[in-house]
Amino acid sequence: MLKFHSLKVAQVAPDAEDAVAITLEVPVELRDEYRGSAGQHVVVRVAIEGEEIRRTYSLVNAPGEWPLRIVPRVQAMGRMSRHLAEQLRPGDLLDVLPPNGSFTPRELSAAPGTYVAFAAGCGITPVLSVVRTLLARGAARVILFYGNSGTGRAMCLEELLGLKDRYLERLSLHFVMSREPQEVELYNGRLDASRVRQFAATLFLPKEVGEYFVCGPGDMIEQVTATLHELGVDSARVHAEHFTVATSLVGSRTFPLYLRAMRRADLADDPRFATAAARKAHFTALHHIVQTWILTFSDIGALDAQLDEAKIALGEVRSLKKLSEMEWAEYWGAVQEVSDRSGGTYRLPGRPWRFSREQLAPLGDPAFQGEHNRNVFGELGLSESEIDGYLASGALVSVALPATIADDAGRADGPAKVRRASLPTTIS
Ligand SMILES: Cc1cc2nc3c(=O)[nH]c(=O)nc-3n(C[C@H](O)[C@H](O)[C@H](O)COP(=O)(O)OP(=O)(O)OC[C@H]3O[C@@H](n4cnc5c(N)ncnc54)[C@H](O)[C@@H]3O)c2cc1C
C-alpha cells in the first residue's frame with residue numbers, strides 16, 4: 001500500500017498566467033518508491049485551517065528524473081491550488097504519496113512508432129511526461145495537439161519548446177487557441193470532433209498510430225476519443241485521463257466512480273443498476289444508497305477526500321446572497337456596489353460576467369424604472385407626441401426622480417424633459 005512521505009520543496013515558481021511549478025526533492029533512499037511511470041500522478045496532502053485536504057497532481061517529469069515536478073493551475077477558489085501557490089515556500093515539507101495511475105504508455109519496448117497526444121489546459125501535465133518519455137525511448141514521431149484559450153494560459157510552454165529544440169525532427173507541436181486568433185484557420189478553436197477529423201486527414205494516419213494520449217476537460221476527452229473510435233482506432237490504444245468529472249449517478253462512466261468512492265463494488269452486480277436505463281428506472285433507490293453513505297460522514301473534509309480519490313467533485317450549494325458575498329465574487333468583480341442615487345448603495349451583478357483578468361470599468365448609476373423610456377422609444381422612432389400619448393394612457397411608466405437627483409443633475413423638470421433634450425434630432 002502506498003504511504004505518504006514528507007518531501008522537501010525545492011522551488012515554487014510561476015508557470016504561465018495562473019499556474020505554479022513546484023519541485024520536490026526525493027531522498028536517495030525513497031527514489032525507487034517515487035520513480036513511477038510516465039503519465040502517473042501523486043496525491044498531495046495538506047492541512048488547511050485544521051482540515052485535511054488531498055488532491056491529485058500529475059508529474060511532469062519523466063520517471064527517474066529528479067526532483068519530482070508538479071504544475072497546479074491556481075483555481076480562483078481552489079483550496080489546495082491556492083494554498084500551494086500562496087503558502088508553500090522552498091524548504092517546506094509537503095506530504096506526497098508515491099506515483100500511481102494508468103495513463104502510461106504500454107509499448108515502451110516495441111519498435112519505434114508514431115504516437116499522438118491531445119492535451120487541453122492543465123491536461124498537458126501528464127502528457128508532457130509521456131511525450132518526454134516516448135522521445136527519450138526512441139519513438140519515431142510524437143505529435144502533440146495542445147489546446148488553450150491563449151498563449152498566456154498555456155502551461156509548461158518553455159519545457160515543450162525545449163523538447164522541440166531537442167527533438168526537432170521527431171516532435172511535432174500544434175497549438176490550438178480558442179480565443180487568440182491564429183494565422184492558420186485550423187488552429188483557431190477548440191480540440192473538438194471536427195478538428196480531430198481535420199488533423200487526422202492531414203497530419204497522421206489514425207490506424208497507424210501506436211498509442212493515443214488524451215487529457216483535458218471531460219467533454220474534450222469524450223469528443224476526441226469518440227472521434228478516434230469513429231476513425232477506426234481501437235479503444236485499447238487510446239489512453240484518457242480525467243482531471244474533473246461530471247457527477248451523474250446514472251452515467252456509465254461515472255457510476256463506477258461512485259462505487260469506488262463508496263467501496264461498494266458489489267452494486268455493479270445488482271440488476272437494478274446494471275445499465276444506465278436500469279439506474280434511471282431505480283434512481284430513487286440508488287440515490288438513497290449514496291445519500292445514506294454520505295450521512296455516515298461527520299466531517300466534510302473526509303468525505304471530500306474519499307470522493308476526490310474517485311475523481312468526483314464535491315461542492316456546496318449556496319444562496320445567491322452568499323455567493324455574492326464570497327471571496328470568489330470579489331476576485332472576479334462579479335458583484336459591484338453602486339449608488340442608489342438617494343444617498344445609499346446596493347449591490348448588482350457585475351458587467352459582464354467575465355472570464356479573463358481584463359479590468360472592466362465600474363458600473364454606472366442604475367436607472368429608475370421608466371427613466372429612459374422617452375430616450376429608448378425615441379430611438380425606436382416614436383415621436384414625442386406618440387410617447388406623450390403612451391405616457392398619458394399609462395402604457396409607459398413615467399417616473400419622477402427624487403428632488404435631490406433632479407437638482408444635482410440640473411434637471412428640475414424630471415426625466416421626461418431631460419430626455420427630450422437628448423433625443424436624436426431626427427425626432428420632432
Ligand atoms: C489524475 C489527476 C491529475 C491531476 N493533475 C493536475 C495537474 O497536473 N494540474 C492541475 O492544475 N490539476 C490537476 N488535477 C486537478 C487537481 O487534483 C485539483 O482538482 C485542482 O487543483 C483543484 O483543486 P483545489 O483544491 O485547488 O480546488 P477545489 O477547492 O477542489 O475547487 C474545485 C473547483 O471549484 C471551484 N470552487 C471551489 N469552491 C467554490 C465556490 N465556493 N464557489 C465557486 N467555485 C468554487 C474552484 O475555483 C475550483 O475551480 C488532477 C486531477 C486528477 C484526478
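This is a predicted model: local features need pLDDT of at least 70, side-chain atom pairs count only at pLDDT 80 or more; totals for chains, interfaces and linings use all residues.

Guide:

Helix α5 (residues 193–202) and helix α6 (residues 218–230) have axes that come within 8 Å and cross at roughly 45°. Helices here (H or I, at least four residues), like strands (E, at least two), are DSSP runs numbered from the N terminus. The axes are lines fitted to C-alpha atoms, for helices over the stretch in contact, and angles run from 0 to 180 degrees between N-to-C directions. Angles under 35 degrees count as roughly parallel, over 145 as roughly antiparallel, 65 to 115 as roughly perpendicular and the rest as oblique; α5 and α6 are therefore oblique to each other.

Residues are numbered from 1 along each chain as its sequence is written.

Turning to the strands, we find an open sheet of 5 strands in the order β9-β8-β7-β10-β11, with parallel pairing. Its edge strands are β9 (171–177) and β11 (238–242), each of which pairs on one side only, and the twist from one strand to the next averages 10°. Two strands pair if DSSP finds at least two bridges between them. Within this sheet, strand β7 (residues 114–120) runs parallel to strand β8 (residues 141–148) and is joined to it by 7 bridges, with Tyr115 standing opposite Val142 in β8.

Strands can also pair in the antiparallel sense, as strand β1 (residues 5–15) and strand β6 (residues 93–96) do over 4 bridges, where His5 stands opposite Val96 in β6. Strand β3 (residues 41–48) is likewise antiparallel to β6, to which 2 bridges join it, and Arg45 stands opposite Asp95 in β6.

Finally, the shell around the ligand draws at least three residues from each of domain 1 (5–96) and domain 2 (114–242), the bounds coming from an automatic or database domain assignment. Of the 23 residues around the ligand, Gln75, Gly78, Met80, Ser81 and Thr125 come nearest, where a residue is near a molecule if its C-beta atom, placed from the backbone, lies within 6 Å of it. The largest share of this shell, 4 residues, comes from β4.
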